[in-house]
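Here's a quick briefing on a two-chain model. Have the viewer open while you read.

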Amino acid sequence: MKSPFAYQPRPRPLQLASPGAAVAYLGAIVAVAFLYSNPLVLLAAGAAAVTAGLLAGARRAVWFALKMGLALALLIVVVNALVVDRGATVVARLGEWPLLGRVDVTFEALVAGLSSGLRAAVTMVAAAVYSACVDPDRVLRVLRPLARRSALTATLVSRLVPVAAADAARLRDAGRLRGPAAAPVGKAPLARRLLAGSLDRAVDVAATLELRGYSLDAPPARNRRSRSRYDRRFYAVAAFGLIAATAARALGADDFQTYPTVEIGLGGATLALSGLVALSGLAPLRRKQNRRSPSADGTKVPLYGGKSSRRRAVVDRSGEVARV
Amino acid sequence: MAVVSALLCATLATAGCGLGPGADVGDVRLTVTREYGAVPVLDTAVEAKESDTVMRVLEGEADISTRYGGGFVHSIDGVAEGQRGGDPYDWFFYVDGVESQIGAAEYDVAGGERIWWDYRNWSATDHVPAVVGSWPAPFSDGIGGRRYPVVVECEGGEGACGEAREALEREGVKVASGEPEKALRILVGPWAQVRHDPAARAIEAGPAESGIFADFISASPREPSNSEHSRGLAKSFELVALDQGGEVAESLGPNAGLVAATSRYGGLPAWVVTGGTAAAVGEAAHAFDAEHLRDHYAVAIDRGKTVPLPLEER
């Protein structure tokens, strides 16, 4: 079964946008989460990341990331409550603990932990949406001019790790198919076999790369993909979100104090920014299309590149998939 | 099951566990001042709870803001750390007259302490290890709930020593005899004798070393000979008061006494009751009470008048 965080091409604005635009958009949500500690703003950033993921069709990725993020948030809350005994409102006294000394759980430490946990959860959801919605090949293609060898290495790793995982699954299946009476396959022999197979495959890959001339200079860039019609939207939302967050911070929107007592600012600037950040999650929303011919002039635009692209999905100028 | 639950609850309760801040442990005295105690801000008795720290006690009585994750007091009642007239100002706290080695949020209160927060100029030193302003602490109840033997070390100030002992006994302090280890020491005598004690001698190195804004300068042009020394004609000294910047502000003369506290290498505080002459020591010993010492870092006694140290900058 495919990982919920694995990229899946979908005819949605976030997937169709260029990697730069998608990264800017999701990065802006994460940046807001790091700029602010106010739980209200963090919740808004979380809502934006979740909404963006759902609108991009990455429901499973969002669900898994939420589960993991909230579990991590809970862990951060518990650890912070045990380690930090600052704050005026003592909720519980847990006596003397080895290494920690006297442990007093304070309401302020719980809230501070919650704020940090929320930030971690927002980051995890945004990262999951990125992973599920942004084509890693296109990201690597963008990075290739900057670091050719690193981009090639990353491409190979991103290809070979799933292949190795599939190999492991096949080996386990083979082991089970020997029948119930057969001795169980140990982890060490399985790992040895997997390593040997990976090394064989690595040699094959190296030979193939050499035959294809990867050791020569990079060929001139061809078939550069034209910008997506959604790029401007995502760049605009990212820029607007960051400017609004910076301006609101200057106006005191991050009015949040955990120690010595909890004070959560709910002023106009905070509420306005929270609303804006939450609304930014709607950026990947598709406009409803009329069911008519793909485009006025009938021109098709390749989705992933030109003739050299291995994928064959084609979209029309409105961004809808016309042919795969 | 019920028995197990009851046993578990009893064990947790015995181990100091429970909900809320816990039971009362006694009163603590909370004092907040500015400018080395010159400007009183708050003075109150607070009923401390089991889980209270110095920070929680302060937070309960004053409007404070903190930094560095709640471990550092940034402002009290709107008076915040920062620069004033080019000098750095900050909030410092003392428990039972001793500068804490740990932060206010980590300092557990046991009940009976005297907590003193002071907002002061620390351009001369950010380390004043002990102060006299919490009298009769630390002699009456120890430091942070731990009691130590109290010793009066007479260094030539016989009459003044008796007066110091009586002052301590009036506060219910039992003065120990001999030289017990880890004792709170009070050195009583003329500076010519007291200065031979390593802790007291730090005064001559300035406030950065001793935390005391006073100095003794030689009033005689030369060191006494051995015969002069043996006849009691030791070198004479004059008390000099320093200002908040650590600069000489006023010479108080040989007849001015000094009551101050210091400590060496983070050890227990040592108090000095001294002066340039025996008469000055007597004056200092006479001021060994709350009326003269309360809320001062150190005091000089000049012609019967209490002069809080450091002097305000002119």
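In S19(B), which residue is the bridge partner of Gly257(B)? That partner is Ile301(B), and we'll come back to its strand below. First, the ground rules: this is a predicted model, where local features need pLDDT of at least 70 and side-chain atom pairs count only at pLDDT 80 or more, while totals for chains, interfaces and linings use all residues. Residues are numbered from 1 along each chain as its sequence is written, chains are lettered from A and ligands numbered from 1 in the order in which they are written, and side-chain values use heavy atoms, with hydrogens and water left out.

**Where chains B and A meet**

- Chain B puts 23 residues in contact with 17 residues of chain A (contact means heavy atoms within 4.5 Å).
- The two chains bury about 1,600 Å² between them, with 43% of it on carbon and sulfur atoms; buried area here is the accessible area (1.4 Å probe) that two parts lose on being put together, summed over both.
- There are 14 residue pairs in polar contact between chain B and chain A, both residues at pLDDT 80 or more (N or O atoms within 3.5 Å; within protein, one must be able to donate a hydrogen and the other to accept it, and residues adjacent in sequence count only if both atoms are side-chain atoms).
- On the chain B side, strand S1 (17-19), helix H2 (54-61) and strand S4 (64-67) each supply at least two residues (helices are DSSP runs of H or I, at least four residues, and strands are runs of E, at least two, numbered from the N terminus).
- S1(B) gives the largest share of that side, three residues.

**Salt bridges and strand pairing across the interface**

- The rule finds four salt bridges across the interface (a side-chain nitrogen of Lys or Arg within 4 Å of a carboxyl oxygen of Asp or Glu).
- One salt bridge joins the side chains of Arg56(B) and Asp104(A), at 3.6 Å, N to O.
- Strand S1 of chain A (residues 90-97) runs antiparallel to S1(B), joined by three bridges (pairing takes at least two DSSP bridges).
- Ala92(A) sits opposite Leu19(B) in S1(B).

**Strand S19 of chain B**

- Five of the five residues of S19(B) (298-302) are buried (under 20% relative accessible area, 1.4 Å probe, protein chains only).
- Ala298(B), Ala300(B) and Asp302(B) are buried on one side, and Val299(B) and Ile301(B) on the other.
- S17(B) (residues 257-262) pairs antiparallel with S19(B) over three bridges.
- S20(B) (residues 305-309) also pairs antiparallel with S19(B), over five bridges, and Thr306(B) stands opposite Ile301(B).
- The S19(B)–S20(B) hairpin has two residues between the strands, and Arg303(B) takes a positive phi near 50° there.

Definitions and conventions:
Buried means under 20% relative accessible area, exposed over 50%, partly exposed in between (1.4 Å probe, protein chains only).
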